[in-house]
Amino acid sequence: MTDFTPNDHRFMTQALRLAEQGLYTTMPNPRVGCVIVKDGEVVGEGAHLKVGTPHAEVHALNQAGTLASGATAYVTLEPCGHHGRTPPCAEALIKAGVTKVILAMKDPNPLVSGQGVAALQVAGVHVYTGLMQQQAHDINIGFISRMIQKKPFVRSKIATSLDGKCALSNGVSQWITDAAARADVQRWRARSCAILTGIGTVLQDNPSLTVREVDLDRQPLCIIVDSRLRIPLDAKLLNNEQVLIAYATDEEQKATQLIAMGVSLLCIPNDDGKVCLESLLKHLASNEVNEVMVEGGEGLNGALMALKLIDELVIYYAPKLMGSNGKGMFGLPELQAMEEVIKLDVQDLRQFGSDIRVIARCVSP
């Protein structure tokens, strides 16, 4: 089956909307939605909402009851075929008597990918894959990155003037954008597993970087890149629920005090005596961090961009000019030829109040 019908698209769209219900809550698990259809009518639907709770397919099957027999299931991600925190969903679909399963995409985990499909097919269930795959991919872009690339999906949020300045020359940056744009930032924070910032931002702004204005029963892990452990012990970020400081040297002998305050420390120096950012991201992936949101200055953004570690930019342009002496978005080496420029692929463009938000992904060479 290669041609999906308009109804197939309609039911998968519904499943994708259900998956979005877990946008802020499923980590480290993927966000998944399921719709069960019989005789052209939805008889069951469900979403995975939190790790350790039933998966989307189980919720949908429970709602459908005996009507699941002979029905078609639309699922945004391949049903699990293995025992994890919960029993395999492929087995539940088989037991319920579902005769056809339409998937947006297979499981990206190379250790289990295809197992659910194989189990369904062995049981005689017809399985078709690839309906609205890109949309399903984007909902779980962090989970997929962690499974395939062994690194979280890194998204950098930047607020800037139209002339590309993120702060005045004296470091003052509050507030470049208006309330509507700042409210949108809260939603990006809420979907992130971790917020990453640099010591320069901590020393200049003393931010909290917590999620506000979004109903959430958790706060993202707060990560601070602080090569020499210069962070003041009264910094607001140290009051966050979970704090990890990545450092290279402890020049001020603060490690013991920070540990006593409940802060986690990770010593990962590179050859230049700074924090090894590649090692930091690998560490985060090994600890099931799917999406990282960077809220730093030109130093951290520049270092990440130079190493090709930023996957996506969320840039808010305010209709203001801050002058040539203001601080830029990226501290990058001077380029000598147009062939050296970093190319971006714009994914979305919209307005929030008087500010314009651009979402762009970095194009791999």
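Reply: Helices and strands here are DSSP runs, numbered from the N terminus. In those terms Pro28 is found in the loop between helix 1 and strand 1 (33–38). Please keep in mind that this is a predicted model.

Me: How do you know whether Met132 and Lys308 are buried or exposed?

Reply: Met132 has 15% relative accessibility and therefore counts as buried, the cut-off being under 20%. Lys308, at 60%, counts as exposed, for which the value must be over 50%. Met132 is in the loop between strand 5 (126–129) and helix 5 (133–139), and its phi is positive, near 55 degrees, although Met132 is a residue other than glycine. Lys308, in the loop between helix 11 (298–306) and strand 12 (312–318), is not a glycine but has a positive phi of about 60 degrees.

Me: Why can the buried residues of helix 3 be said to line one face of the helix?

Reply: In helix 3 (residues 89–96), the buried residues are Cys89, Ala90 and Leu93. Seen down the axis of helix 3, these buried residues fall within an arc of 110 degrees, so they line one face. They pack against helix 2 (56–64), strand 3 (72–75), strand 4 (100–103) and helix 4 (115–122).

Me: What makes helix 2 and helix 3 roughly parallel?

Reply: Their axes come within 9 Å and cross at roughly 20 degrees. Because angles under 35 degrees count as roughly parallel, helix 2 is described as roughly parallel to helix 3. The contact is made by Glu57, Val58 and Leu61 of helix 2 together with Cys89, Ala92, Leu93 and Ala96 of helix 3.

Me: Which residues have the most contacts inside the largest nonpolar core?

Reply: That core has 42 residues, and those with the most contacts inside it are Met12, Ile36, Tyr74 and Val101. Helix 1 (residues 6–19) gives the most to this core, with 6 residues.

Key. Residues are numbered from 1 along each chain as its sequence is written. This is a predicted model: local features need pLDDT of at least 70, side-chain atom pairs count only at pLDDT 80 or more; totals for chains, interfaces and linings use all residues. Side-chain values use heavy atoms; hydrogens and water are left out. Buried means under 20% relative accessible area, exposed over 50%, partly exposed in between (1.4 Å probe, protein chains only). Helices (H or I, at least four residues) and strands (E, at least two) are DSSP runs, numbered from the N terminus. The arc is that of the directions from the helix axis to the C-beta atoms. Contact means heavy atoms within 4.5 Å. A nonpolar core is a set of buried Ala, Val, Leu, Ile, Met, Phe, Trp, Tyr and Cys residues joined through side-chain atoms within 4.5 Å. Axes are lines fitted to C-alpha atoms, for helices over the stretch in contact, and angles run from 0 to 180 degrees between N-to-C directions. Angles under 35 degrees count as roughly parallel, over 145 as roughly antiparallel, 65 to 115 as roughly perpendicular and the rest as oblique.
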